[in-house]
Amino acid sequence: MRRNEAVLLGQGVSGGVANELTSVGLVLPFLYTTIGAPIFFAGLIVPLNTLAKRISQIFAARFVGTARSNTPIIELATLTMAASIVLIGLTFSAISPWWAVPIFLAVAAILGAAAGINGLAFQDLIGRALPKERRSRLLFIQSSIAGIIVVLVAYGAQQVLQPSTSLAAHQELIWLGVGLYVLAAVVVLAVREPPKTSMAVDTGSGGMVSELAGNFRIAFALPWFGKFLVARALYLSIELAIPFFSIHAATFHGDSISGLNTLVIAANIGIFLGGFLWARIGRHSVERIMVLASFLACGAGLMALGIEFGAVPPTLFCYALVFVAIALGAQGVKNGRTLYLLGRAKEHERPYCIAVANVTTGVVAVALGALLGALAGLKGVAWPIGALMVLNIAAAIYTLRLPKDTDTDPAGRGD
């Protein structure tokens, strides 16, 4: 058990650091913008990644459930993520801006699909390899350590490797992420995986479609679920804000050697601080978490617009504050929506509610991301930031109308 816990901790930390160094929300949009690719399509990077993740989880659930071993699945998914980032690392500085569109969107979708399968297999593996109390401890420690290491790695890369150009600095971050993905894929093979005691039932052809339709019927039969879904859709304004902030930052600091590293550090400082802040607030009110997350996102938007119109100096430090605030807000709304659903849904209802909410908001995210990307392409990136701020405020107001949750104990994790 101790061996498995140590191995899974190493694998989870390596993969977590790699995720942040190659972040779909921050790093990929930043690189996309620095090479002059059309902003019109930039709004699709995060929604396509999210939708691919949800769809892959639906179709991979039976495969993961019937597989004899999960470690080869995790290894293959992690290596697929590494390979997709290699494609970015090899091409983003040498291709024309228009070729960047299909490459970046394809990589975002591949990363999402691989991450979805990896997440399913990993959660099933730790469920069998570790007892309940060790699982929760592993996940908390893993996230905290990964956040600290990201800060150290991003800062250390600047000091030790000393890149001579901004392009070299960006590439160093990408290749460090690839190396850590490969390390995570190798480490997971050292897990002594317990045998599966039961296999998932094969429902035959068409089972997934009918099952998904059944999920929708069950979820929407609950009187509170429709309002929750509206709130979650409104809170996409926080999740979709990060790539637009990244695009905006790249227009000011894309040529800075320390620009991307500084923003990655700032975002992870926000995530680290959020681990303590949201845990305290969540004990008292889940709704308070989501409302405060909206205000933080609004604050980040105000500062970004202040930079755009000259009211705030366009320094890297000011933009670092933007990313601390938006990372805090994004983590808060993710925790808040998860805790709200766990508190409202009964145990037998939760899987259906989670599946329906994930798929529905994934589709909405693609549509909204396309609309915001078009707005950025036609009017400038300040316009979608302003529109997202309006949605932030609407989300906070709507949250106050939600039926009160009945359980604020953070008994589970969601996405």
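## Basis of the values

The structure is a predicted model, in which local features need pLDDT of at least 70, side-chain atom pairs count only at pLDDT 80 or more, and totals for chains, interfaces and linings use all residues. Residues are numbered from 1 along each chain as its sequence is written, and side-chain values use heavy atoms, with hydrogens and water left out.

Helices are DSSP runs (H or I, at least four residues), numbered from the N terminus. Accessible areas come from the Shrake-Rupley method with a 1.4 Å probe, and for residues only the protein chains shown count as cover. Buried means under 20% relative accessible area, exposed means over 50%, and partly exposed lies in between.

## Helix packing

Two packed helices are described by the angle between their axes and the distance between the axes. Here axes are lines fitted to C-alpha atoms, for helices over the stretch in contact, and angles run from 0 to 180 degrees between N-to-C directions.

Helix α1 (residues 2–21) packs with helix α5 (residues 97–129): their axes come within 11 Å and cross at roughly 160 degrees. That makes α1 roughly antiparallel to α5 (the cut-off is over 145 degrees). The crossing of α1 past α5 is left-handed, meaning that the near helix is turned anticlockwise from the far one by less than a right angle.

Helix α11 (residues 241–253) and helix α16 (residues 382–399) form another packed pair, at an angle of about 150 degrees and with axes 10 Å apart. The pair α11 and α16 is therefore roughly antiparallel. The crossing of α11 past α16 is left-handed.

## The salt bridge

How many salt bridges does a search of the whole structure find? The search finds 1. The criterion is a side-chain nitrogen of Lys or Arg within 4 Å of a carboxyl oxygen of Asp or Glu. The partners are Arg-337 and Glu-239, at 2.6 Å from N to O. This pair links distant parts of the chain, 98 residues apart: Arg-337 is in helix α14 (residues 316–344) and Glu-239 is in helix α10 (residues 236–239).

Are the two partners buried or exposed? Arg-337 is buried, because its relative accessible area is 6%. Glu-239 has 24% relative accessibility, so Glu-239 counts as partly exposed.

## The nonpolar surface patch

Ile-148, Leu-152, Ile-269, Phe-272, Leu-273 and Phe-276 make a nonpolar surface patch of about 550 Å². Patch residues have over 30% relative accessible area and no salt bridge; nonpolar side chains (Val, Leu, Ile, Met, Phe, Trp, Tyr) are joined within 5 Å, like charges within 9 Å.

Helices α6 (132–161) and α12 (259–282) each supply at least two of the patch residues. Helix α12 gives the most, with 4. An α-helix has 3.6 residues a turn, so residues three or four places apart point the same way.

Ile-269 lies in α12. Ile-269 is partly exposed because its relative accessibility is 35%. Gly-270 is also placed in α12. At 0% relative accessibility, Gly-270 counts as buried. From Gly-270 to Ala-320, the C-alpha distance is 9.9 Å, across 50 residues of sequence.

## A covered helix

Helix α2 (residues 27–34) is mostly covered, with 7 of its 8 residues buried. The buried residues are Val-27, Leu-28, Pro-29, Phe-30, Leu-31, Tyr-32 and Thr-33. Just after α2 comes Gly-36, with a positive phi of about 80 degrees.

## Single residues and separations

Asn-215 is in helix α8 (residues 207–220). Its relative accessibility is 8%, so Asn-215 counts as buried. Arg-232, in helix α9 (residues 225–234), is buried with a relative accessible area of 8%. The C-alpha atoms of Arg-232 and Asn-215 are separated by 18 Å, with the residues 17 apart along the chain. Asn-215 and Ser-69 are 146 residues apart along the chain, with 28 Å between their C-alpha atoms.

Leu-378 belongs to helix α15 (residues 350–379). Leu-378 is exposed, because its relative accessible area is 71%. The C-alpha atoms of Leu-378 and Ile-218 are separated by 41 Å, and the two residues are 160 apart along the chain.

Notes
Buried means under 20% relative accessible area, exposed over 50%, partly exposed in between (1.4 Å probe, protein chains only). Angles under 35 degrees count as roughly parallel, over 145 as roughly antiparallel, 65 to 115 as roughly perpendicular and the rest as oblique.
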